[in-house]
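Subject: Structure handover

Hello,

Please find the structure we talked about below. My notes on what was found in it follow.

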There are 4 protein chains.
Amino acid sequence: MNAPTARLPVAVLGATGAVGQRFIQLLENHPWFKVVALTGSDRALGQKYGEGCRWILPGPIPAGVFDLPILPTLPPVGGVSLVFSALPSKIAHEAEAEYAPLGIAVFSNASAYRQETDVPLLLPEVNPDHSTLVHLQRRKRGWSGLIATNPNCTITGLTITLKPLLENFGVRRAFIVSMQAVSGAGYPGVPSMDILGNVVPYIADEEDKMEWEPLKMLGALQDGQIIPAPINISAHANRVPILEGHMLCLSVELAQKANLEEVAQALVGYQAPEISRQLPSTPPAIIRLSQQADRPQPRLDVMSGNGMTTVVGRLRPDPLLHYKMVILSHNTIRGAAGGSIYNAELLLKQGLVG
Amino acid sequence: MNAPTARLPVAVLGATGAVGQRFIQLLENHPWFKVVALTGSDRALGQKYGEGCRWILPGPIPAGVFDLPILPTLPPVGGVSLVFSALPSKIAHEAEAEYAPLGIAVFSNASAYRQETDVPLLLPEVNPDHSTLVHLQRRKRGWSGLIATNPNCTITGLTITLKPLLENFGVRRAFIVSMQAVSGAGYPGVPSMDILGNVVPYIADEEDKMEWEPLKMLGALQDGQIIPAPINISAHANRVPILEGHMLCLSVELAQKANLEEVAQALVGYQAPEISRQLPSTPPAIIRLSQQADRPQPRLDVMSGNGMTTVVGRLRPDPLLHYKMVILSHNTIRGAAGGSIYNAELLLKQGLVG
Amino acid sequence: MNAPTARLPVAVLGATGAVGQRFIQLLENHPWFKVVALTGSDRALGQKYGEGCRWILPGPIPAGVFDLPILPTLPPVGGVSLVFSALPSKIAHEAEAEYAPLGIAVFSNASAYRQETDVPLLLPEVNPDHSTLVHLQRRKRGWSGLIATNPNCTITGLTITLKPLLENFGVRRAFIVSMQAVSGAGYPGVPSMDILGNVVPYIADEEDKMEWEPLKMLGALQDGQIIPAPINISAHANRVPILEGHMLCLSVELAQKANLEEVAQALVGYQAPEISRQLPSTPPAIIRLSQQADRPQPRLDVMSGNGMTTVVGRLRPDPLLHYKMVILSHNTIRGAAGGSIYNAELLLKQGLVG
Amino acid sequence: MNAPTARLPVAVLGATGAVGQRFIQLLENHPWFKVVALTGSDRALGQKYGEGCRWILPGPIPAGVFDLPILPTLPPVGGVSLVFSALPSKIAHEAEAEYAPLGIAVFSNASAYRQETDVPLLLPEVNPDHSTLVHLQRRKRGWSGLIATNPNCTITGLTITLKPLLENFGVRRAFIVSMQAVSGAGYPGVPSMDILGNVVPYIADEEDKMEWEPLKMLGALQDGQIIPAPINISAHANRVPILEGHMLCLSVELAQKANLEEVAQALVGYQAPEISRQLPSTPPAIIRLSQQADRPQPRLDVMSGNGMTTVVGRLRPDPLLHYKMVILSHNTIRGAAGGSIYNAELLLKQGLVG
């Protein structure tokens with residue numbers, strides 16, 4: 001498929017929340033999609049979005065959605081055939097399943113369906129072929145629409161970084177410690193009294209996702225099924241007092257020997273699979289490898305590639321496994337709304353929606 | 001030896017810096033030591049301490065030192081036989097070596113002599129027997145005084161945590177990621193523009209110390225020499241926007257199997273060696289094991305045991321090694337000035353000084 | 001009355017919130033009061049305090065209250081005759097009125113009754129005589145108990161500072177701008193996404209209280225009624241990313257001329273009225289006047305006098321009014337729980353309760 | 001004069017500092033100016049800018065300057081006829097005076113010459129006519145070049161806000177309290193230990209500038225001399241833990257009565273003088289008046305108009321003077337480098353340089 005000739009009308013579910021607002025912002029001038037409807041929290045129902053939404057992003061609410069009414073989260077929503085879901089996971093499970101049978105493609109940021117064997121968990125730079133799971137999904141569930149998910153914000157950058165290592169050298173084990181921004185917990189999210197001048201070494205349910213989701217995405221598709229990648233991951237999750245950007249310290253053991261230069265080259269030279277290279281959200285570089293001793297840093301690097309590039313730095317030998325490095329990814333852009341939009345572009349390109 | 005009958009006169013070298021001020025503060029009402037002289041930065045020489053020192057700790061400058069003149073960092077300093085050194089490492093190497101030959105015991109927070117085979121690197125809770133290295137030191141260097149050092153603030157809590165694990169189960173490998181407070185870099189130290197709302201995944205020379213110093217302290221003393229403990233450590237160091245308290249995420253592989261309860265029991269039940277149990281700086285608990293899911297946290301836990309207790313939390317299985325946990329230690333108290341004072345108490349008790 | 005011979009049993013209403021926890025902490029070793037009962041949020045009812053309360057203060061939950069059951073906020077609560085109320089203002093209005101008729105003295109941190117003409121709004125250092133309003137209150141409402149309130153945390157330090165100026169020189173106008181800590185908004189209170197690296201120049205309803213409450217407290221008691229002080233105040237309220245301590249910039253116009261030295265002397269020399277000087281919560285100094293150019297600062301000065309002293313600094317001429325200065329007060333100690341306890345001590349001393 | 005047909009070659013003095021980097025960044029794609037030379041700190045002399053400069057802004061060092069050598073701060077610098085000076089004030093006084101006699105126009109961010117009666121202190125939106133002071137300056141000093149300055153970052157937004165009030169209603173008195181970002185102090189500037197979780201109610205020399213500079217800029221030009229505006233200003237300066245954006249609380253007394261609507265209209269409707277309206281740095285709106293109760297906020301509003309728009313909010317009556325409001329301005333863009341560039345555009349347009 002080529003780029004659509006007109007902007008496809010879409011809706012955003014949960015548009016008043018933190019990730020919902022990112023969807024609205026990133027879609028403002030999107031060449032393929034146009035937000036024509038949106039849903040939001042109960043207490044704001046019926047109000048204009050521009051008035052009922054407590055906008056927490058820099059810059060004004062996009063003019064194009066200011067007057068849209070905040071609808072309840074039930075289909076149909078504006079008669080669209082594609083929705084982005086920023087719903088809380090608890091609500092998402094039921095709500096998204098009401099859309100998919102109606103011929104609507106749901107691109108979901110929620111964790112509700114990520115573990116389902118017939119639901120693709122997608123990073124276009126990593127596993128665009130996994131989108132074909134939707135055939136299985138439709139057959140099995142009798143849906144004319146679909147649900148496609150993007151992974152947890154914390155391991156998005158990790159999975160993108162592991163992909164070229166896996167392809168080139170194989171990956172056996174990975175030790176990861178995250179330092180995550182407060183925006184990852186939504187709004188109001190983390191109370192300021194908990195995090196000002198503090199670190200909280202715990203995020204509910206996060207470590208399980210960190211240890212599992214990469215395996216699905218890095219897994220091979222065989223006979224319409226995903227065989228999880230045989231990588232052993234250990235994860236520690238921490239919340240730190242920063243606003244945007246999830247950092248990860250990674251130590252990794254490769255399956256075959258590689259010197260530092262080869263590893264650096266594999267990272268720098270990584271390109272997305274052909275199908276994902278020219279999409280509107282494709283960043284100039286999938287991975288940027290910083291040579292400076294003290295980078296990446298959230299304040300300086302989080303907006304690399306408009307928040308879609310994964311920045312890797314401090315690549316160096318590890319005395320325990322093979323290599324150490326630091327990974328930074330924008331949690332509400334590449335790790336949430338931007339990633340979900342990227343997925344929708346991919347499936348449109350693949351002819352699976354639209 | 002018993003407790004001294006009168007407070008021993010001591011001096012603080014580098015008393016105007018961040019760690020120097022902690023020495024001054026912690027020694028204010030110390031039962032064994034009394035600060036009678038101090039040295040400081042060149043631009044303040046000759047001024048009264050209370051006027052020439054830019055005091056950066058909460059509360060007033062202790063009255064007992066307010067009027068002391070700021071002296072140059074050259075012996076003799078007040079005719080004392082015991083000094084605490086908060087000198088920058090570059091200066092410490094030369095300066096401390098001018099004190100030791102004069103019969104003066106130098107308790108140094110600097111890294112300058114930590115790697116010397118004849119200089120004890122001491123944590124009284126861990127390796128009080130290593131203090132006997134001073135015999136070798138005196139013989140070899142012809143000193144009548146001595147230099148004894150305390151370790152890098154970042155791995156103080158780690159080494160204390162590894163000690164009971166080593167004793168009970170053996171330790172093979174440890175993976176550690178630090179999240180360190182800005183006070184660890186002294187004053188003025190980290191520029192605010194670098195760290196406000198940011199994380200810096202790099203601290204110069206820190207990781208080398210983190211991977212090496214614990215091995216010396218956990219090593220065995222044989223024939224007057226230390227055989228480093230055969231533990232393999234991989235360290236990542238990060239600076240985070242908090243004021244006090246270094247946090248560590250640790251994954252550890254034990255030499256022999258132990259269940260969670262046994263590990264918890266080893267940590268909670270750990271007691272300092274007999275000689276170190278009743279010193280003025282001995283905390284009520286060497287290690288406190290938190291049962292709460294999201295602890296330790298710097299804001300809530302850093303002052304445990306007046307900043308001398310190591311707080312461990314989130315003890316849980318690790319899918320890669322054996323156990324994961326989080327460690328918190330006060331970097332300028334237990335990890336710096338408080339630790340150095342504790343060492344001096346130990347050597348006094350052991351009859352090696354005084 | 002003299003000090004009580006035994007600790008008076010008291011209860012804390014709303015003990016699970018941020019101010020409630022401060023009450024619990026400050027009362028732990030209080031010489032006159034002992035917490036024997038407490039109430040808390042609905043979702044924790046019936047649990048032990050130590051288990052149902054999400055404790056957000058440094059240090060452990062006091063052992064003496066750990067096992068107390070969390071009761072509903074309805075009298076009787078443990079059969080006590082004195083309660084401290086940390087209830088939200090909405091609930092406080094109704095709830096506190098259920099206690100007072102039962103012979104119970106309610107010391108309330110809520111704003112619900114502050115404006116009532118028969119309810120004392122008290123700072124023992126400032127207007128201990130206003131406590132006699134309780135006679136009017138009892139007569140008018142038929143209560144055998146009473147309600148006494150402490151003022152908004154933000155203007156506590158201001159009112160204490162204005163008092164000696166008013167006494168010595170008269171005060172005509174005051175211009176104040178606050179920079180307030182997040183703890184002033186309770187827990188969870190201010191979302192971290194709103195305040196990390198940010199300033200919010202607005203706090204709902206705060207400026208009205210700031211412009212009015214000082215007038216009542218600085219007013220004269222005539223024929224059992226308070227004549228508000230004729231001071232004209234303009235207030236701007238701001239929230240800043242600090243944890244504890246409300247700062248105020250003040251420019252003040254005096255009624256009669258005074259030179260800088262006289263103003264400084266009035267502040268430094270200020271003593272509480274006789275009746276308030278020897279209470280358990282009386283700080284060593286009511287006001288501390290800092291001479292350093294860049295003080296007070298929350299991090300360094302907020303705990304002055306155990307959080308009960310008001311710290312004033314940067315006293316200097318004002319080109320528009322007469323003098324400029326900066327005021328710091330601990331918002332959850334002097335400005336909330338500590339102030340309410342101080343009030344209870346006062347009324348006990350005055351024989352109005354107990 | 002019309003827009004230049006080719007980009008004018010310019011140099012940046014002090015290009016390695018915080019404001020110097022902003023100059024470099026803002027000039028990267030400037031339509032009228034092109035950086036061809038730069039000077040920097042002694043320790044980096046001779047190195048390539050891209051290697052010798054510790055770049056502290058988000059995003060990479062502009063490619064066009066990466067290879068430029070860091071020159072000493074002495075003319076000639078690349079043979080340019082226009083330089084932007086981000087020199088520290090101490091150095092600026094002497095250094096800038098070495099450029100001006102050589103026919104070079106110096107646009108200086110330093111305070112060194114702001115108070116000179118023959119040196120324009122310029123905000124193109126406010127007093128573009130003051131640029132004619134350069135005629136006096138050239139006559140008096142015998143210079144073929146010139147020095148033109150932009151004001152202190154803190155009162156830039158204030159002066160822009162006062163201008164329409166002055167024009168429409170007259171202004172008698174203004175009370176201002178600032179809450180300033182750490183970037184205003186340059187790099188390394190404010191130590192993190194001083195400002196993390198803290199407020200510092202003092203900035204050296206700042207209040208004098210705040211009380212004086214607006215009077216010069218709002219003054220009238222008569223017979224080639226500036227008569228300072230007869231406004232009485234009282235200023236309190238505070239440093240708060242935010243990165244970018246200076247906030248001001250303002251209470252203002254007008255010379256003639258005006259209702260809220262009229263004041264709002266004067267602010268919203270304000271346009272720059274004709275000559276300044278179409279310059280490359282002219283923002284879409286000089287002033288944006290926010291209607292939301294809790295705005296402006298640095299995080300959300302500081303980049304309004306690419307950091308060149310002044311955002312005013314919370315306009316409301318003041319019980320002491322006439323109106324209260326909050327003002328936000330980007331301190332390193334509108335208040336420093338961006339303002340200086342805007343000035344150069346103005347003088348080019350006026351035919352005074354180029």
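Helices (H or I, at least four residues) and strands (E, at least two) are taken here as DSSP runs, numbered from the N terminus. On that basis, chain A has 11 helices and 14 strands. Its radius of gyration (taken over C-alpha atoms) is 19 Å, close to the 20 Å that the globule rule gives for 354 residues, so chain A is as compact as a globular protein of that length. The globule rule is 2.2 Å times the number of residues to the power 0.38. Along the principal axes, the C-alpha atoms of chain A fill a box of roughly 60 × 50 × 35 Å.

Two remarks on conventions. This is a predicted model, in which local features need pLDDT of at least 70 and side-chain atom pairs count only at pLDDT 80 or more, while totals for chains, interfaces and linings use all residues. Residues are numbered from 1 along each chain as its sequence is written, and chains are lettered from A and ligands numbered from 1 in the order in which they are written.

The sheet in chain A

An open sheet of 6 strands runs in the order S10-S7-S11-S14-S13-S12 in chain A, with mixed pairing; two strands pair if DSSP finds at least two bridges between them. S10 and strand S12 (287-289) of chain A are at the edges with a single partner strand each, so one side of each has no neighbour in the sheet. On average, neighbouring strands of this sheet are turned by 25° against each other, direction ignored. S7(A) and S10(A) run parallel and are joined by 5 bridges. Within S10(A), A:Ala235 is the residue opposite A:Ile176.

Helix H6 (residues 153-169) of chain A lies across S7, S11, S12, strand S13 (310-317) and S14 of chain A, at about 25° to S11(A). Axes are lines fitted to C-alpha atoms, for helices over the stretch in contact, and angles run from 0 to 180 degrees between N-to-C directions.

Chains A and B

Between these chains, 35 residues of chain A are in contact with 35 residues of chain B (contact means that C-beta atoms, placed from the backbone, lie within 7 Å). On the side of chain A that touches chain B, at least two residues each come from strand S7 (171-179), strand S10 (232-236), strand S11 (246-254), helix H10 (298-301) and strand S14 (323-329) of chain A. That side divides into 20 nonpolar, 8 polar and 7 charged residues. Here Ala, Val, Leu, Ile, Met, Phe, Trp, Tyr, Cys and Pro count as nonpolar, Asp, Glu, Lys and Arg as charged, and the others, Gly among them, as polar.

The same surface serves both, since 100% of the contact residues of chain A recur in chain B.

Chains C and D

Likewise, 35 residues of chain C are in contact with 35 residues of chain D. The side of chain C that touches chain D has 20 nonpolar, 8 polar and 7 charged residues.

In chain C, strand S1 (residues 8-13) pairs in the parallel sense with strand S2 (residues 33-39) over 5 bridges. C:Phe33 in S2(C) is opposite C:Leu8.

Regards

Technical notes: Two residues are in contact if their C-beta atoms, placed from the backbone, lie within 7 Å.
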